[in-house]
Amino acid sequence: MNTNTSLESLTSFEFSRVRRLWMALVLGALTALAPLSIDMYLPSLPVLAKNLHATTSQAQLSLTACLLGLALGQLIAGPISDERGRRVPLITGIAVYTAASFLCAVTGSIWVLVLLRLVQGLAGSAGIVIARAIVRDYFSGSEMTKFFARLMLVNGAAPILAPILGGQLLRFMSWHGVFIVLTVLGLFMLGGVVFGLPESLPVHQRTAGGLTATLSTMSGLLRDKALMGFVLSQGLVYAAMFAYIAGSPFVLQDIFGVSPQVFSLVFAVNGLGIIISGQLGGHLSPRWGEKRLLAAGLAVAGVGSLALMAAILAGPALFTVLPPLFLIVSTVGVVSATSTSLALQNQRKSAGSASALIGLSSMLAGALVTPLVGVAGAHAAFPMGLIIVVCDLGAVAVFLVLTRIRPQQVS
């Protein structure tokens, strides 16, 4: 195929190795906006709370605001991209995200920070939801699952590198510097989209009808039980991960006394687990099938959550808490790749709307659980453990009930 051929004219995507790699880097970076926006400032969360004279719950509210923005923004950006194409909404969202990141860096008020984090999430959500829709524009079946697994190489690296970078930044600057770095990253992503990512949704494949058509499409998607089973199971697994994200800085640093740098290392190891499980899912999907892999990932997450709760009830020790946390976080890779692929398999014109539901489920669930993690203060691990076990076991139940798949029938 001529490498100069416009992507808009392609009906079936046969990318060269270089083009696939470039797409994976750009789209992976866009889907990594959430972990970059959240994880990089996690090591500084206790310091931020003290510096802004805020309580633990108030500091975590800045995380909740970002998650809420990431959730609701996808519900807006996804349908808009189905109607007006992927490129313009994507560029607009990344530009606003970059500006909001800079304003976060210069604020001195916890409540202004919370508001700016909401705006940052709303704008950054465009990158996440539209990146998934672009993949669906180009791929289907096991090829789509494989490509989502490739995105996990970039997306999964963000939870590894972001907290390490955030922890190291604290050696040289205050928490404000974290948002300066996010501003610079936003500028790089904006350049990558403007100069290296063509439009993927031709005009004749776009939806029409405005708000009425959007509501009708969403209504139809919500009535699809199997689709909602994949969406909600992923959302609950992500909720468990966000409970870990919100609670682990305080549990590991305040209860077990680990330094911000050691915390970053622990966080990085768990992020590496996301990459490994995501790549394993992409490798095994043609042989095992996405549904079987999803069921296996959910089962491992459920077992890990029960092990974590047992360790907490027995009297938490660092060596008993870390292994189940690794299982809980690692399974996000395979669950995300397979459930996203399964949810988007039968979508084309409504890929943006379906992608929005996936993102809404994941981020909204995370936004709801993060304030609950700190209700007992910075020195209690039980709320984090309880939320994780309820969410992961709930994901298993939703999968079995809504997709009507029993373990022995999964294929």
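**Exercise 1. The chain as a whole**

Task: In this predicted model, state what share of the contacts between residues at least 6 apart in sequence join residues at least 24 apart. Then describe the chain by its helices, strands and buried residues.

Solution. Step 1: of the contacts in the protein chain between residues at least 6 apart in sequence, 85% join residues at least 24 apart. Step 2: the chain has 16 helices and 0 strands. Step 3: of its 411 residues, 58% are buried. Step 4: the accessible surface is about 15,800 Å², and carbon and sulfur atoms account for 69% of this surface.

**Exercise 2. Salt bridges**

Task: Find how many salt bridges the model has, and state which residues are joined into one network.

Solution. Step 1: the count is 3 salt bridges. Step 2: Asp82 pairs with Arg86, with the closest N and O atoms 2.9 Å apart. Asp82 has a relative accessible area of 1%, so Asp82 is buried. Arg86 is also at 1% and therefore buried.

Step 3: Arg86 also forms a salt bridge with Asp137, where the closest N and O atoms are again 2.9 Å apart. This pair links distant parts of the chain, since Arg86 is in the loop between helix H4 (56-84) and H5, while Asp137 is in helix H6 (residues 110-138), 51 residues apart. Both Arg86 and Asp137 are buried.

Step 4: Arg206 and Glu199 meet through their side chains at 3.9 Å, N to O, which falls within the 4 Å limit for a salt bridge. Arg206 is partly exposed, with 22% relative accessibility, whereas Glu199 is buried at 11%. Step 5: through shared partners, salt bridges join Asp82, Arg86 and Asp137 into one network.

**Exercise 3. Aromatic pairs**

Task: Classify each of the 2 aromatic pairs by the angle between the ring planes.

Solution. Step 1: a pair of aromatic rings is described by the distance of the centres and the angle of the planes. Step 2: Trp175 and Phe179 have ring centres 6.1 Å apart and planes at 90 degrees, so this pair is edge-to-face. Trp175 is buried at 1% relative accessible area, and Phe179 is buried at 0%.

Step 3: Tyr238 and Phe242 have their centres 6.3 Å apart and their planes at 45 degrees, and the pair is tilted. An angle over 60 degrees would count as edge-to-face, and one under 30 as stacked. Step 4: Tyr238 and Phe242 are both in helix H11 (residues 225-255), 4 residues apart, about one turn of the helix. Tyr238 is buried at 11% relative accessibility, as is Phe242 at 3%.

**Exercise 4. Two residues of helix H9**

Task: Ile180 and Thr183 both belong to helix H9. Decide whether each is buried or partly exposed, and describe the surroundings of each.

Solution. Step 1: Ile180 has 39% relative accessibility, so Ile180 counts as partly exposed. Step 2: Ile180 belongs to a nonpolar surface patch of about 570 Å², together with Phe102, Leu103, Val106, Val184 and Phe188. Helix H5 (87-106) and helix H9 (176-196) are the elements that give two or more residues to this patch.

Step 3: Thr183 has a relative accessible area of 11%; because this is under 20%, Thr183 is buried. Step 4: neighbours within four places in sequence aside, Thr183 is in contact with Thr98, Ser101 and Phe102. The side chain of Thr183 reaches the backbone nitrogen of Phe102 at 3.0 Å.

Definitions and conventions:
Residues numbered from 1 in each chain as written. Predicted model: local features only at pLDDT ≥ 70, side-chain atom pairs only at ≥ 80, totals over all residues. Heavy atoms only, no water. Patch = residues over 30% accessible without salt bridge, like charges linked within 9 Å, V, L, I, M, F, W, Y side chains within 5 Å. Areas by Shrake-Rupley, 256 points an atom, 1.4 Å probe, with all protein chains shown as cover. Buried < 20%, exposed > 50% of the residue type's maximum accessible area, 1.4 Å probe, protein only. Phe/Tyr/Trp six-rings, centres within 6.5 Å; stacked < 30°, edge-to-face > 60°. Contact = heavy atoms within 4.5 Å. Polar contact = N/O pair within 3.5 Å; in protein donor to acceptor, adjacent residues only side chain to side chain.
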